Amino acid sequence: MSNNNYIVSARKYRPATFRSVVGQETLTHTLKTAISSGRLAHAYLFCGPRGVGKTTCARIFAKTINCLTPTPEGEACNECELCRAFNEQRSYNITELDAASNNSVDDIRNINEQVRIPPQTGRYRVFIIDEVHMLTTAAFNAFLKTLEEPPEYAIFILATTEKQKVIPTILSRCQIYDFSRITVPDIVKQLQYICEEENITAEPAALNVIAQKADGGMRDALSIFDQVTASSEGNITYRRAIENLNVLDYDYYFKLVEAFIAGDVPQALLIYRDIREKGFDSQFFINGLGQHVRDLMVSSTPQTHSLLEMNEEVAQLYVTQAAKLTPRFLCMSIELCNNCDLNYRNATSKQLLVELTLIKMCQIMNPLPQDQPAQQAPAIKKIAVKPQQAQPAPAPAPQAPAPQAQVPTAPAPQAPAPAPYPSQAASAPQRPTPPPPVIPHAPARAPYPSAARQAAPRILVNATAPQVPHQAPNQPQARESSAPAADSVRRNPFTTEQLIDAWSSYIQTHPHEHVVINTMRMAMPHKVSDTEYEIEVQNPSQVEFIESSMSQLLSHLRNAVGNDMLALQVKISDKGPAAKIWSPREIVSNIQQHNPKFNKFIEDFELGLV
């Protein structure tokens, strides 16, 4: 065959009927139904990715509506004079405009003038405007009137890859059809049909690589197919396809995942080196690795096997390897690949970034050995604590000299001070330990309450506080709750005047708490009962200010009046807002707004608020 007669596959196998359009069955069925029922709109908008059949469907539509003898299925007969004229590209009933290069107002005016001429043969004149989003705003406005009220014989079909760039006034006048990406199985099926027509042998894995490389575009798939066919001499193999298209073999990804499973960091880094030496970009590699792990994730459950866009043979490899992996590994690996891709552009050492990602992926299922002692640390702490808990045996024998024997042990903290934490636990049970086990038990404390209140706290704080970090906070509470006798709780009577004096003394002794002090000056306590007093403030913020200092304020007031039963309640007044209480910063800001000379004073002396 002469080279002059060669026609590329994208032109030779361009669909001539709706039935031969690949991957758009739902959309073509809708168009055929509209034609057979006579419900034709005057304007259509075909939108979708490149190479999915938008312009092809527009031409088939134009031929079918003018066909003199259409088939019962709503297809053009391709035998009548109008169909032959259309197939031979000599039909005057169809006019095409490429808006990418003809997007001016004059080009649209030329279309508007042609619309006035009715068809000489056939019923309709069809105007196809490709890449309509490239029209200028003035051209769109010039086209609006004609698009809204065309003659009954005129039909407009607009095609675009970027629908969002078409102005809303155009969109509202069109029926919109969204073309979808063509799936990998559909592309592979069409390529197999072409191989049969051209007497070409091809491995399914090779056609699958071509379909994935096309990224949902049938025209791109046919162009890639021609490229691979030219170098394969009629026999398309998987190896020839990946070499010609510079595609990274999935065997590398399978080997990498096996290295991740085994935690073999050197092997993973060596595989990455081989990939770089073959000339593959590291970002391309890390994106491919993320896609590989994603395919493993959808292979892990039968419900998602349909999401794998590959032939059965390769899909089985993914299913086999996915059975060795955990959901945690899959999720963390995808996240690591995604983070590497996001940080790749800004990384100073891109190779190090990728290698660090591979090392982390090796550690997901096989943590490093140095991570193990951290998990055993709690067991060691338990062993150190057990001797303390095993000592209650000598506790039941009350030893009167025990508090006295603890006094000479005052220098004991000096001996264990340089030793680590466990050494204190080992030395402490000999002398100072009898009081700690006795304190939690109420019956054991009854014979010597005074010694437990006086001597034991000193020994615990000074000598053995580091040994019992969890018991120390509870022991004072046990003494306060079980030992509060009548003589330990102050109940001295007091008057409102004494409380107000204590209130004022707190204001005088805390001058730096500006907001709280200002609130206290405006809100004096009012008596509710003998020991209950109430404070009225103006807003919720003041309630928060008072409550934030409530423990310190109550402690001061109770000490001043000698009564531990004193209680304060804060509530918001229902008498309406009072005068605003200015903070020092607000006072200075107000002066700066109303006195420009004050600002000059601050600038001259370089002053500022602290």
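Author: In this predicted model, the largest pocket holds about 790 Å³ of space, a volume being the space filled by probe spheres set on grid points that are joined across faces, edges and corners. A pocket here is an open set of points on a 1 Å grid over the protein atoms alone, where a 1.4 Å probe fits, with protein on both sides within 12 Å along at least five of seven lines, and lining residues have an atom within 4 Å of a point. The lining comprises 32 residues, of which Gln-212, Lys-213, Val-247, Gln-291 and Asp-295 are the closest to the centre of the pocket. Two or more lining residues come from each of α9 (204–214), α11 (238–245), α12 (250–262), α14 (282–299) and α15 (312–322), and α14 gives the most, with seven residues; helices are DSSP runs of H or I with at least four residues, numbered from the N terminus.

Sorted by class, the lining has 16 nonpolar, nine polar and seven charged residues, where Ala, Val, Leu, Ile, Met, Phe, Trp, Tyr, Cys and Pro count as nonpolar, Asp, Glu, Lys and Arg as charged, and the others, Gly among them, as polar. For comparison, the second largest pocket holds about 590 Å³, and its lining has seven nonpolar, five polar and seven charged residues.

Residues are numbered from 1 along each chain as its sequence is written, and side-chain values use heavy atoms, with hydrogens and water left out. As the model is predicted, local features need pLDDT of at least 70 and side-chain atom pairs count only at pLDDT 80 or more, whereas totals for chains, interfaces and linings use all residues.
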